[in-house]
Amino acid sequence: MTTPGLPEAAARIRGAEHIVVLTGAGVSAESGVPTFRGTTGLWKSFRPEELATPGAFVRDPRLVWEWYGWRRALIAECDPNPAHRALAELALDRNGRCTIVTQNVDGLHHAAAREVARLREVPPDPAYPLEVHGAIHRDRCSACSTVDETPAPVDGTSELGLPTCPDCGALMRPDVVWFGEPLDPDTLDGAMTAARTADVCLVVGTSALVHPAASVPTVTAAAGGAVIEVNLEPTPLSGHADVSLLGPAGDILPRLLESAG
Ligand code: OAD
């Protein structure tokens, strides 16, 4: 199958010294993880913007935990797809000259990188990828800095089932960034530094609406780099992209990156 723009995109990637990749929910859609916008993002008729906020957690922590419990269980059944694996291979091949920035909290980039490193018999990079919106499988305290890397499953059907902090007794919450909250400054700084120094920004499966993550491609473009977009459909970014590749990431990315060599 031919995809218009793919040879040009491959040539730009081949010629790039540094690459930054920004991914969103679309990169995990073919693994079975629902995206946020559109009908698959709804849960019990709530939109993510109604539940993924500090205010929602204060008002009804049980409801927020019930939603996250549902998402954790769903993600636990999902495996990385060819798009995650192609990006993990790109990062390994480029050995420090490719930074993957993800808005996803599902851990599938990390899982793909572990798989690829095992196959190549090299140690996985523990800092891969830059997860600017956090990680859904971790808990953190809503009041102090305690983090639980391996929490027990949460029973979100009852207030009594909600986890509390072993250090201060406050409610634990998922270790993700909610609407209205700042991103971790070091992670954001890493993403923006990579965006500024990249010759190419590859943007995959994001509606490019939620800032500051959505600024990664505009920072690359402002510094003179090229923007390549991979998405099922045009987005607000498409008009500013140098190349726009329309189609599923799990199909396009392996072909694009193989063709880039
Ligand atoms: P969205 O749900 O807004 O957008 C998903 C994008 O992926 C859309 O543009 C789809 O067209 C595209 N897409 C779907 N399936 C695809 C496929 N197989 N291949 C390629 N593209 C595909 O998700 P995000 O842009 O990631 O933030 O949303 C950004 C942030 O908003 C999320 O990180 C989350 C959310 O609310 C927080 O929770 C803070």
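## Ligand site and salt bridges

An oxygen atom of the ligand lies 2.6 Å from an N or O atom in the side chain of Arg 37. The protein covers 92% of the 800 Å² of accessible area that the ligand has on its own. The model is predicted, and the ligand takes up the space of its largest pocket.

**Residues around the ligand**

- The shell around the ligand has 22 residues.
- Those that come nearest are Phe 36, Arg 37, Thr 206, Ser 207 and Asn 231.
- By class, this shell divides into nine nonpolar, 10 polar and three charged residues.

- Gln 103 takes part through its backbone: a polar backbone atom of Gln 103 is 3.2 Å from an oxygen atom of the ligand.
- Leu 232 also contributes a backbone N or O atom, which is 3.5 Å from a nitrogen atom of the ligand.

**Salt bridges**

- There are 12 salt bridges in the structure.
- One of them joins the side chains of Arg 47 and Glu 49, with an N to O distance of 3.7 Å.
- Arg 47 has a relative accessible area of 44% and is therefore partly exposed.
- Glu 49, its partner in the salt bridge, has a relative accessible area of 30%, so Glu 49 is partly exposed too.
- Another salt bridge links the side chains of Arg 62 and Glu 66, at 2.9 Å from N to O.

How values were computed
Residues are numbered from 1 along each chain as its sequence is written. This is a predicted model: local features need pLDDT of at least 70, side-chain atom pairs count only at pLDDT 80 or more; totals for chains, interfaces and linings use all residues. Side-chain values use heavy atoms; hydrogens and water are left out. A residue is near a molecule or strand if one of its heavy atoms lies within 4 Å of it. A polar contact is a pair of N or O atoms within 3.5 Å; within protein, one must be able to donate a hydrogen and the other to accept it, and residues adjacent in sequence count only if both atoms are side-chain atoms. Accessible areas come from the Shrake-Rupley method with a 1.4 Å probe; for residues, only the protein chains shown count as cover. On a 1 Å grid over the protein atoms alone, a cavity is a set of points where a 1.4 Å probe fits but cannot get out, and a pocket is an open set with protein on both sides within 12 Å along at least five of seven lines; lining residues have an atom within 4 Å of a point. A molecule sits in a cavity or pocket if more than half of its atoms lie within 2 Å of its grid points. Ala, Val, Leu, Ile, Met, Phe, Trp, Tyr, Cys and Pro count as nonpolar, Asp, Glu, Lys and Arg as charged, and the others, Gly among them, as polar. A salt bridge is a side-chain nitrogen of Lys or Arg within 4 Å of a carboxyl oxygen of Asp or Glu. Buried means under 20% relative accessible area, exposed over 50%, partly exposed in between (1.4 Å probe, protein chains only).
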